[in-house]
Amino acid sequence: MPELPEVETIVRFLRPKIRGKRILSMEIRGRRVARGHKNPQELNRAVAGRKISEVNRTGKNIILELSGGARLAIHLMMTGRLFWNPKEKQIHDRLVLKLSGGNDLVFNDIRQFGWCRVLKPSGKLAGPDVLSLGFNEFKSLVSPRPALIKNLLLNQKVISGIGNIYSDEILWYACLRPTRRANTFSGRELKKFYQAMRHVLLLAIKKEGTSSRDYRKPDGTEGGYYKIRKAYQRAGKQCLRDGATIKRIKIGSRSAHFCPKHQK
Ligand SMILES: [Zn+2]
């Protein structure tokens, strides 16, 4: 699933291209993508004719700010991708935003978990975006909770933006085991954790995300973080810090990769 760095990369790619463009219409192929609305026509009516004034991101959501104060949210979920002016139609295209200037923004999604909807004025999508958190706010969200830290990082209601890839990476840099309980961290561990989190996410944005499976940038090219990852999908390989063998364990339905030597 695309996480914060992938979604941020998409937003940065799209921003200069679609800011100021008008949505002429929305071609919806298949109802599931518009399931936040009564029917696809309602979604089309809510956005057609509006101008895109800004493109933002919160957590894993792409937000198009539209004229008249409307906000259109797009969530790629597992296999969703956005393509900018693709050459050909594809079978899993679910939605096409027809924009002024003859441009198409296409939402393609094999598994159809992704969605697109206009937010209600009071609409809250998830917990605070991880990169918006100062240290004290981060500490107040993490340190009272007895949850396993891997699960806490994946819980979008608490902190939004992190998924399976970057939770493994952050915990490797933070020297913390995924099975530690969040309320057991010392002040020093929390500081290191916070710094590791920002380091990993900003580095991954610089590398334009991780293309281990479905994720591609809107021009079809791959992100570069996978090559420099430290823990995610490295089970059986040597830890790049101390040479120990990276382990993979199951936590609930998710897997976690970690170094048993330096992650305590
Ligand atoms: Zn190690």
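Predicted model: local features only at pLDDT ≥ 70, side-chain atom pairs only at ≥ 80, totals over all residues.

The dialogue below treats the domains, then the zinc ion, then the salt bridges.

Q: Into which domains is the protein divided?
A: Domain bounds come from an automatic or database domain assignment. Here they give domain 1 (4-118) and domain 2 (130-258). Their centres, taken over C-alpha atoms, are 28 Å apart. To the contact (heavy atoms within 4.5 Å), domain 1 gives 17 residues and domain 2 gives 21 residues.

Q: How much area do domain 1 and domain 2 bury between them?
A: Buried area is the accessible area (1.4 Å probe) that two parts lose on being put together, summed over both. For these domains the value is about 1600 Å², with 67% of it on carbon and sulfur atoms.

Q: How many salt bridges does the rule find across the interface of domain 1 and domain 2?
A: A salt bridge requires a side-chain nitrogen of Lys or Arg within 4 Å of a carboxyl oxygen of Asp or Glu. Across this interface the rule finds zero.

Q: Which atoms are the protein donors of the zinc ion?
A: Donors are N, O and S atoms within 2.8 Å of the metal (3.2 Å for Na, K and Ca); water is not among the atoms, so sites may look incomplete. In this model they are C239 (SG), D242 (OD), D242 (OD), C259 (SG) and H262 (ND1), at 2.1 to 2.7 Å from the ion. Along the chain their spacing reads C-x2-D-x16-C-x2-H.

Q: How many salt bridges does the rule count?
A: The count comes to 15. One of them joins the side chains of R29 and D93 (3.8 Å, N to O). This pair links distant parts of the chain, 64 residues apart.

Key. Residues numbered from 1 in each chain as written. Heavy atoms only, no water. Helix = DSSP H or I, 4+ residues; strand = E, 2+ residues; numbered from the N terminus.
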